[in-house]
Structures are given as C-alpha cells and as structure tokens.
Protein chains: 2
Amino acid sequence: MKSIEKAVSALQLMVESGGELRVGDVSRHLKVNRSTASRLLASLAGGGLIEQDPLTQRYGPGILTVQLAAGFHRKFDVVEQAQKDMEALARETRHTAWLGVLSGAEVVVLKTVRGSQPIQFAVEPGHRLPAHAAAMGKALLSLKPDPEIRELFEGTLAATTGQTLHSVDDLLRELAQTRLRGYAISNQELFDGVKAVSIALTERHKGTSIAVSVSYPLFALPDGDDQPIIDALLGFGRHFGARIGDTRWTR
Amino acid sequence: MKSIEKAVSALQLMVESGGELRVGDVSRHLKVNRSTASRLLASLAGGGLIEQDPLTQRYGPGILTVQLAAGFHRKFDVVEQAQKDMEALARETRHTAWLGVLSGAEVVVLKTVRGSQPIQFAVEPGHRLPAHAAAMGKALLSLKPDPEIRELFEGTLAATTGQTLHSVDDLLRELAQTRLRGYAISNQELFDGVKAVSIALTERHKGTSIAVSVSYPLFALPDGDDQPIIDALLGFGRHFGARIGDTRWTR
DNA sequence: TGCTTGTGTTGCATATTATGCAACATGTTG
DNA sequence: CAACATGTTGCATAATATGCAACACAAGCA
C-alpha cells in the first residue's frame with residue numbers, strides 16, 4: 001500500500017523537520033510531484049492527524065497525534081510510574097536520568113530528569129539516538145539474541161565520536177559483557193566527554209522493555225570513580241524493577 | 001486520496017477503541033475486506049506510526065505518534081507553561097482545573113489538575129467533549145463569528161443531560177451572553193450535578209486559542225455561591241493571559 | 001482427537017485511483 | 001514590475017488498491 005507508506009514517510013519527515021512541513025518539502029524528499037504532496041497532506045489533514053496553519057499554509061501535527069500518543073503512554077505507563085523514582089535517581093547522582101525504548105536500531109527518549117549539576121546533557125522527549133552508541137541502546141539490545149542483532153545492524157555502524165563501535169562483531173562482544181556485568185556502559189561513544197550507564201527493565205505481564213540511564217560529563221568526576229552512580233542506578237533497578245514485575249529483580 | 005483517508009479513519013478508530021485495534025475491527029467499521037484492513041495496518045506499522053504486538057497480533061500506537069505529539073505540544077507550549085498556574089488555580093478553588101482546545105465541534109482535553117476536594121471529576125488527556133455542552137467549548141466558540149458556528153453545528157445538538165442546549169439558536173444566544181459576561185458557564189449541561197466555568201485565551205503571536213475551566217459538583221457549594229471560583233478563574237486569566245500575550249489582558 | 005468457527009495473511013485479475021503534466025492563483029524577492 | 005517560488009485544481013494515463021479465494025493458525029467444543 002504505497003500511498004500509505006508515503007504518508008507515513010511524510011510524518012517521519014515532519015518529526016525530523018521539527019514539527020513543521022511544507023508541501024515542497026514533502027515533494028522533494030519523497031520525490032513526488034508537488035500536486036501529489038499537496039493531496040497527500042490534505043488527506044492526512046482531513047482526519048485531524050495533521051493540521052494546516054491557515055496563515056502560513058504549513059502543516060503541523062494535529063490533535064489526533066496527541067490522542068494516539070496517550071494510547072501509547074497507556075501501554076508504557078511505566079513512564080509515568082517511573083517519574084518519582086527517576087527524580088530520586090537524578091537527585092542522588094546529581095546527573096541527568098534518562099528513560100527510553102528501542103525502535104529498530106535506535107533508542108527513542110521518552111523522558112529526561114535533569115540533575116542538580118550546573119551543566120547537564122539532555123534532549124527533548126521524542127529524540128532518537130543510535131542504539132549501538134547509547135548506553136540505553138546497549139542495555140536494551142542485550143536483551144535480544146545475537147542473530148536478531150546482526151539482522152538489525154547489517155552494514156557498518158554510524159560513528160558519532162571517535163569511540164563509537166563500528167562493527168557488529170564489536171557490538172556483540174560488548175553486549176555479551178553487558179549481560180555478565182548487569183548494566184551497559186557508553187564511554188564517550190555518543191558524545192565526546194560524556195559517559196553513561198544504563199539498565200533495562202521488562203514488565204512481566206506486558207513484555208515491554210524500557211531502559212533507564214544516568215549520563216555524566218567526565219570532568220564532573222575528576223577521580224573517575226563512577227561506582228556511586230552505578231550503585232544508585234542498580235538501586236533504582238531493584239526498587240522500580242520489583243514494582244513493575246521485572247523478572248530480573250523479582251523471584 | 002482515499003486510501004490515506006481510510007488510514008486516518010483507522011487511527012481515529014484506534015483512539016475510540018482505547019488504543020488497540022484488530023484487523024477485524026478495521027474491516028468492520030471501514031466496511032472493507034479483511035485483506036484490505038490487514039494491508040492497511042501493515043503499511044502504517046511499517047513506518048512506526050503503529051505497532052503490532054507480536055503475541056496478540058493487536059495493533060497499538062507506535063513511537064512515531066509520541067514524536068508527532070511532541071511537535072504538537074511545542075506548538076501549544078502554553079500547555080506546559082500553564083502547569084504551575086493551573087496547580088495554583090486548583091489549589092485555590094479546591095476543584096479540578098481543565099485545559100483544552102477546540103477540534104471541530106468538540107473540545108479536546110489536554111490537561112487536568114485535580115483539586116483537593118475528595119470527589120473530583122476529571123478525564124484522561126486526549127478525551128473529547130461536545131463543545132456546545134462544555135464550558136471550555138462555549139468559551140472557545142464565543143471567539144468565533146456566528147455564521148461559522150452555524151456551519152459547525154448543522155442539525156441538532158447531541159444531548160448528554162436534560163440541560164444540554166439542543167438548537168443552534170439557543171447556542172448563539174448563549175454565546176452572545178458569554179461574550180458580554182467574559183466567561184462561559186455550563187450548568188449541568190455535560191454531567192448531571194456538575195457545573196463549570198471557563199475562559200478562553202489566545203496567544204497573540206501564534207493565534208492559537210486555549211480554554212481553561214474549573215468544574216465543581218453542586219453539592220460542594222450548598223449555598224450556591226460560586227463567585228469565589230469565578231474570581232479565581234478570572235485571576236488566572238489576568239496572570240496567565242498577560243504572560244502569553246492574550247489580547248484581552250494586555251493592552 | 002476431530003470438527004467447527006473466527007481470525008490474519010498472501011496470490012491474482014480487475015477496477016479504482018493515485019500520479020505527473022500543465023495551467024492558474026498567490027505570494028515573495030530583487 | 002518582473003522573475004521566481006510555492007500551493008492548488010482538471011484531466012488522461014499508468015499504477016495500485018481491492019475483493020475473492022485459499023491457506024495457516026489458534027481457540028472452543030463434542
């Protein structure tokens with residue numbers, strides 16, 4: 001059903017463009033005539049999925065997206081439940097706490113809670129990070145069997161810093177270590193000068209998995225001792241994991 | 001572009017069904033063959049707009065909806081800004097504070113802040129209310145010229161209680177009063193035994209309008225004196241309206 | 001177990017419809 | 001004012017969405 005696939009591509013484009021689309025943008029990126037793009041957007045707008053600003057003629061997300069997202073959050077209501085525990089985690093570590101889920105080979109950030117340190121790294125909810133470079137990504141990938149990982153990452157892995165892993169074999173080795181270690185580490189593999197640790201939790205009944213991480217700039221730990229942060233994260237895992245019925249913490 | 005319109009209809013159906021859809025549901029409600037419904041949903045799922053639970057085969061909202069909704073909220077970032085003032089409003093009145101926007105002839109609830117009274121009326125964000133029966137709806141409709149209202153409400157108005165207005169003429173009279181009064185009232189027109197008052201605010205630069213209301217059960221005011229609540233709401237309007245550049249409060 | 005029923009997915013021929021072209025309308029820039 | 005960019009509409013043609021079966025699978029039941 002090609003026209004629907006094009007429509008979804010247009011929506012992805014809308015996200016990438018920061019929530020605003022013009023007919024010309026769709027025409028160019030989807031390589032269709034302007035007329036087609038115009039009709040495509042008009043159809044999406046008809047049902048309220050997107051809305052056209054009467055003045056600028058630009059299209060933006062519609063109310064229907066909010067209603068759909070509410071349904072998504074109901075499925076992942078752990079996100080709401082995690083709020084208080086994440087605040088405690090951010091307070092204890094003084095650094096940003098993250099929560100995300102896997103989407104293909106990327107991690108989608110669903111929530112961030114900033115710590116008390118003056119300089120903090122954080123992104124807006126909805127942002128995507130390459131799973132093989134982010135600590136949350138590794139934590140979530142470590143739940144999957146190796147063959148599935150290979151399928152997901154065919155080809156080379158995109159590098160964002162000099163530390164980024166760039167072969168699937170390296171990634172698989174790293175995931176094996178992660179499983180033994182019990183938590184994932186990203187040492188400047190996503191942002192230079194920033195380290196992060198993460199654990200993944202699975203809701204027993206729903207089967208959905210989330211990752212929670214803490215990120216911290218290296219200069220904030222002159223002695224390089226991040227054990228307190230890891231302990232805090234594992235403490236969070238015990239508390240919150242037990243609450244949502246994660247198989248790892250409840251027996 | 002009929003196939004896209006069908007896809008959007010399916011998404012609306014998903015919202016109405018509480019965030020879960022099966023192929024059969026789409027087939028029935030859209031009156032298409034199961035094969036068509038199956039391919040339609042598969043196409044939507046391809047781009048991540050919706051997701052299929054591998055176990056139950058049911059479709060639910062995908063991560064893309066969250067990202068799109070984030071874009072929507074950026075457009076209506078008043079919703080975030082209003083949080084603290086709404087909390088103050090709910091605290092002061094001890095009743096639920098609501099925030100919503102107009103979508104056709106309905107109000108979409110974007111946020112509710114519950115008051116301290118033991119019994120509270122509130123709905124989940126994303127819920128739709130008939131605009132002609134809700135106080136927020138009347139407040140928002142009162143911004144529009146009469147002819148536009150007539151166009152929006154052709155036919156009779158659906159009644160949810162015995163008090164609901166059921167002719168467009170009644171509604172127009174009510175809206176005229178609302179404009180003079182400065183705030184809208186819904187006296188048990190939406191829920192029996194529940195009254196609500198509301199004001200609408202318009203962001204000067206963006207031109208987007210929101211409504212904020214306070215709802216309260218009649219038994220909570222034995223003497224029927226709701227002037228304190230109205231005063232609190234108007235106070236909110238002055239504070240928050242000035243902050244977002246509403247033309248009514250800033251001169 | 002064997003039978004029935006309900007449901008989701010795929011191959012195929014046909015008819016619906018999505019597409020590019022062109023033209024027009026409108027707004028923007030130099 | 002000219003030149004350009006952009007959004008929208010009518011129309012003929014090519015692309016594709018659709019229903020019909022048939023199949024696969026699971027659940028309920030005698």
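The model is predicted.

The contact between the chains involves 41 residues from chain A and 41 residues from chain B. On the side of chain A that touches chain B, two or more residues come from each of H1, H3, strand E2 (59–61), helix H4 (63–75), strand E3 (96–103) and strand E4 (106–113) of chain A. Among these elements, H4(A) has the largest share, with 12 residues. The class composition of this side of chain A is 22 nonpolar, 14 polar and 5 charged residues.

DNA strand C is surrounded by 19 residues, and the closest are A:Asn33, B:Arg22, B:Val23, B:Gly24 and B:Ser35. Two or more residues of this surface are given by each of helix H1 (2–16) and helix H3 (34–46) of chain A, and by each of helix H1 (2–16), helix H2 (23–30) and helix H3 (34–46) of chain B. The surface near DNA strand C divides into 4 nonpolar, 9 polar and 6 charged residues.

Around DNA strand D there are 18 residues, the closest being A:Arg22, A:Val23, A:Gly24, A:Ser35 and B:Asn33. H3(B) gives the most to the surface near DNA strand D, namely 4 residues. By class, the surface near DNA strand D has 4 nonpolar, 9 polar and 5 charged residues.

Within chain B, the packing of H1(B) and H3(B) was examined. Two packed helices are described by the angle between their axes and the distance between the axes. The axes of H1(B) and H3(B) cross at roughly 80° and come within 10 Å, so H1(B) is roughly perpendicular to H3(B). The contact is formed by B:Lys6, B:Ala7 and B:Ala10 in H1(B) with B:Leu40, B:Leu41 and B:Leu44 in H3(B). Its composition is 5 nonpolar, no polar and 1 charged residues.

Two residues were noted for their backbone angles. Most residues other than glycine have a negative phi. A:Lys31, in the loop between H2 and H3 of chain A, has a positive phi near 55°. A:Lys31 counts as exposed because it has 10 C-beta neighbours inside 10 Å, where the limit for exposed is 12 or fewer. In chain B, a positive phi of about 65° is found at B:Gln57, which is not a glycine. B:Gln57 lies in the loop between strand E1 (50–52) and strand E2 (59–61) of chain B. With 9 other C-beta atoms within 10 Å, B:Gln57 is exposed.

A:Ala88 is located in helix H5 (residues 78–93) of chain A. With 17 C-beta neighbours inside 10 Å, A:Ala88 is classed as partly exposed. The C-alpha atom of A:Ala88 is separated by 18 Å from that of A:Ala200, a residue 112 residues apart from A:Ala88 along the chain.

Definitions and conventions:
Residues are numbered from 1 along each chain as its sequence is written. Chains are lettered from A and ligands numbered from 1 in the order in which they are written. This is a predicted model: local features need pLDDT of at least 70, side-chain atom pairs count only at pLDDT 80 or more; totals for chains, interfaces and linings use all residues. A residue is near a molecule or strand if its C-beta atom, placed from the backbone, lies within 6 Å of it. Ala, Val, Leu, Ile, Met, Phe, Trp, Tyr, Cys and Pro count as nonpolar, Asp, Glu, Lys and Arg as charged, and the others, Gly among them, as polar. A residue is buried if 20 or more other C-beta atoms lie within 10 Å of its own, exposed if 12 or fewer, and partly exposed in between; C-beta atoms are placed from the backbone. Two residues are in contact if their C-beta atoms, placed from the backbone, lie within 7 Å. Axes are lines fitted to C-alpha atoms, for helices over the stretch in contact, and angles run from 0 to 180 degrees between N-to-C directions. Angles under 35 degrees count as roughly parallel, over 145 as roughly antiparallel, 65 to 115 as roughly perpendicular and the rest as oblique.
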